[in-house]
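Here are my notes on the structure below. They are set out as numbered points for someone who has not looked at it before.

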Amino acid sequence: MAKPTTRNDSLFGARSTDAPLAARMRPRTLQEYVGQEHVLAVGKPLRKSIEDGTIGSIVLWGPPGSGKTTLARLIANAGERVFVPFSAVSEGVPRLREVFAEARERLGHERKKTILFVDEIHRLNKAQQDSLLPAVEDGTVTLIGATTENPSFEINGAVLSRSRVVVLKGLSPDALAQVVKSALADVERGLGTRRISIDEAALAWIAEQADGDARRALVVLEAAALAVNDDETITVENIRDALQLRFARHDKSGDVHFDQLSALHKSLRGSDPDAALYWAARLIEGGEDPMVIFRRSIAMAAEDVGLADPNALTIAVAARDAFHMLGAPEGYLPMCEMLVYLATAPKSNRIKEAMGAAFDAARKTAGAAVPMHVRNAPTQLMKDLGHGAGYGYAHDSATGYIAQDYLPDELRGTRFYTPGTFGFEKEIAKRLEWWAKQRGPGGVE
């Protein structure tokens, strides 16, 4: 029998000091894994199934650097399964046939199961995706697909129906700061033997500009570490100098152009369409993934335009979808249309402020009770206990509005959202003012 071509020489591949810092610092256990608490916190169903080794086929959907590949390896390790990576970009059906044959033999002779990890699974065409089904259905392999794109649009329904979709989020600045500090302290795999420190401004800069991507944060940290001596402190100036040198040598490599991304976002926020077009062009010419520009723009539409122009978010998402359909270079046209629209739209950050205030209040009043009149009352017992009593059905009013409280008693009269004075928020302000008049001086504030 020919020697199997399974590429599972070690759980995480090369760990030598010659490997990039991001590869060396790849988490080895769930305890080392940072972020994704919404699905991996202790007691969560996904965490439990991983620890029990009972997880079925899944699709991991999340932005670059959110830990999709690492999580797939950890799942294989926890279940003592062989991890076989497959690239949807460079490999095809013949390779899949090899993987399936090896997996069947392994299962029959060694009673050992196989995890087939398909990176960028959305790049497989329909026929290639269909070729996965028999081996998944008969248990030859457990499929773990990784994608940065919406599975609803990019992955066949037949594959999705046999898989659980797990949504991973970009890492928060706090999580990225933790990743950076761990790499600085780790003597075995990180930079700990050099005893390098980092000042708070530099740490915050990396955590913010990495845009939720742990790999990017570690790439920047590694570049900055080369610019300082042992026992020294990394500063923002060190980081900027290191990145300038790096980009000068590898401008087409796809490395993160942090300052240019920042300039693009600030140009959009500052209502300068010409600057926004210019920085987007610079990023594209420098090798940036267009999806990075779309992600930043979609976030900006919600953060900086908000309800001053509700169409901004719709147009940003539509431009992203149009790019998927057209590809480059035609897809750059809807991208530029989006950038000009966002830059020239009225601006408001009131939604961002309202979100922060609401989350802060929710944390401070976690035990606040739901008012009795707006509680659900599906049974007679609950009705007898007063649930729903006194609730006014808005549509019973000729105006479609009845004045009543919806917030807990502790927050009665609190306002999280105050509309701005531009664009559509002027109309929202009028509605809120009219409702306030209906409540009257003794009503809810």
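1. The accessible surface of the protein chain amounts to about 23,300 Å². Carbon and sulfur atoms account for 54% of that surface. Please keep in mind throughout that this is a predicted model.

2. On overall dimensions, the C-alpha atoms occupy a box of roughly 85 × 60 × 50 Å along the principal axes. The protein chain has 445 residues, and 42% of them are buried. Its secondary structure consists of 21 helices and seven strands.

3. Contacts between residues at least 6 apart in sequence were also examined in the protein chain: 71% of them join residues at least 24 apart.

4. On charge, the protein chain carries 54 positive and 58 negative side chains. The centres of these two sets are 4 Å apart.

5. How many of the six residues of strand β4 are buried? Six of the six are, and strand β4 (residues 142-147) is therefore largely enclosed by the rest of the structure. The cut-off for buried is under 20% relative accessible area.

6. The burial of β4 can be followed face by face. In a regular strand, side chains alternate between the two faces of the sheet. On one side of β4 are T142, I144 and A146, and on the other are L143, G145 and T147. These residues are all buried, and both faces of the strand are covered.

7. Which strands pair with β4? Strand β1 (residues 58-61) runs parallel to β4 and is joined to it by four bridges. Within this pairing, W61 has T147 of β4 as its bridge partner. Strand β3 (residues 114-119) also pairs with β4 in the parallel sense, over five bridges. Here I115 stands opposite T142.

8. Turning to aromatic side chains, a search of the whole structure gives five aromatic pairs. One of them is formed by Y278 and W279 and is edge-to-face, with 4.9 Å from centre to centre and 70° between the planes. An angle over 60 degrees counts as edge-to-face.

9. Are the two residues of that pair buried, exposed or in between? Y278 has 43% relative accessibility and so counts as partly exposed. W279 is also partly exposed, because its relative accessible area is 24%, and the partly exposed class lies between the buried limit of under 20% and the exposed limit of over 50%.

10. Elsewhere in the list of aromatic residues, F294, F323 and Y332 form one aromatic cluster.

Key:
Residues numbered from 1 in each chain as written. Predicted model: local features only at pLDDT ≥ 70, side-chain atom pairs only at ≥ 80, totals over all residues. Heavy atoms only, no water. Buried < 20%, exposed > 50% of the residue type's maximum accessible area, 1.4 Å probe, protein only. Helix = DSSP H or I, 4+ residues; strand = E, 2+ residues; numbered from the N terminus. Pairing = 2+ DSSP bridges. Contact = heavy atoms within 4.5 Å. Areas by Shrake-Rupley, 256 points an atom, 1.4 Å probe, with all protein chains shown as cover. Lys, Arg positive; Asp, Glu negative; His and termini not counted. Charge placed at Lys NZ, Arg CZ, Asp CG, Glu CD. Phe/Tyr/Trp six-rings, centres within 6.5 Å; stacked < 30°, edge-to-face > 60°.
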